[in-house]
Structure formats: structure tokens, C-alpha cells
Amino acid sequence: GTEIHVPADSSEQELLFKIADEEGLYLNFLPPTTAKYEKAPVLLLICGGGWTVQSRSSILDMMKVLVSDLRAEGFAVVCADYRVVSDTNGVMVDQQVTDLMDALRYVVHYADILGIDPDKIATSGHSAGAHLAMMVAHAPQELFPSDTFQETYGVFACVPLAPRTNIHGSIRMYIAT
């Protein structure tokens, strides 16, 4: 069977953090390029895609200057997969929130190996990822329980990157950027 990855150290790496519906969910861990803190604060960066597609590489490419600048300022950056919604798979947005919270629970579980501060988490995302970033930042963690990791984390900032998000074409949520 497939095993959840245990990070070897705080190097840049792709890690399997969860298996959901027989699908492996991975995250990119990008450590600081300049050590400025004993324990690095973390940015969880979440891609958009209308909740129906997601690509870690797309958001990392879109935000490459920000990611580079933050890493130079002592931040670690995490970009994680989440299950997507489709007409046939039964996945709902709450499962996406759980997947992303599980990515944070995973890195917090291995905080000593990764050199991160579990109480200094920031979330950000584009479009549907902005919605998910706000949910991960503000929803009570106990409402989205994990089967694997029970750790909690502290969020100090949420920066949604979407001026307007359309939900199913009928409800509009305006988000200040």
C-alpha cells in the first residue's frame, strides 16, 4: 500500500500528505532561501480552478515572484493538492477544505523536521483558491476533522487573491483585495 511521506529534512520537496478516495494528494514544501527565523512562518498557497480543477504548478508559476520574495524573507511556502468537484465523484467543497487543512496538519505534525512555526500560518489563493484560503483560515478546524493528523495550527493572515468569486453563477461574493 501507499504510505504517507515522512519528510527527510527542510529541503524543497514534493510530499504525499494524504490518500483520499484512493487518490494520493501531494504538497510542495518550499523552505526559506534565507534563514531569518528560528522557526519559519508558512504561507499556504491555494490554486483556483472553479473547484473542479486544480494545479499546484499553475499557482506556483503565477505567483513565482511572490513565492521567491517570501522565501528570501524567511517564509516557507506550501502548495497542496485538494480533491476536485465533479458530477460523478461526489466530492463537496467541505472535503476540499478538509484536504487543505490536512495539508497544514501534516506540515505541523512534522514542524520540527521542516523547521516551521505551527502558530504562524498565512493562507492565500486565487479565485476558488481564495475562497478555500478563507475557509482554511477562518473555519473552526474541529468542523473539518482529519483521519490521520490531529494537530492544530494558528493562522495570522489570510490574503484572498480574487476581486469577485462567482459561486454556481447565481450567488456573488465580493472579496476585498
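**Helices on a sheet**

Helix 3 lies across strand 1, strand 2, strand 3 (40-46), strand 4 (76-80) and strand 5 (116-126), and runs at about 125 degrees to strand 1; helices (H or I, at least four residues) and strands (E, at least two) are DSSP runs numbered from the N terminus, and angles run from 0 to 180 degrees between N-to-C directions, with axes fitted as lines to C-alpha atoms, for helices over the stretch in contact. Helix 5 also packs on the sheet, where it touches strand 3, strand 5 and strand 6, its direction making about 150 degrees with that of strand 5; contact means heavy atoms within 4.5 Å. This is a predicted model, in which local features need pLDDT of at least 70 and side-chain atom pairs count only at pLDDT 80 or more, whereas totals for chains, interfaces and linings use all residues. Residues are numbered from 1 along each chain as its sequence is written, and side-chain values use heavy atoms, with hydrogens and water left out.

The sheet itself is open, with six strands in the order 1-2-4-3-5-6 and mixed pairing, where two strands pair if DSSP finds at least two bridges between them. Strand 1 (13-20) and strand 6 (155-161) stand at the edges with a single partner strand each, so one side of each is left without a neighbour in the sheet.

Helix 3 (residues 93-109) and helix 5 (residues 128-138) pack against each other at an angle of about 65 degrees, their axes 9 Å apart. The contact is made by Val93, Gln96, Val97, Leu100, Met101 and Leu104 of helix 3 and by His131, Leu132, Met135 and Val136 of helix 5.
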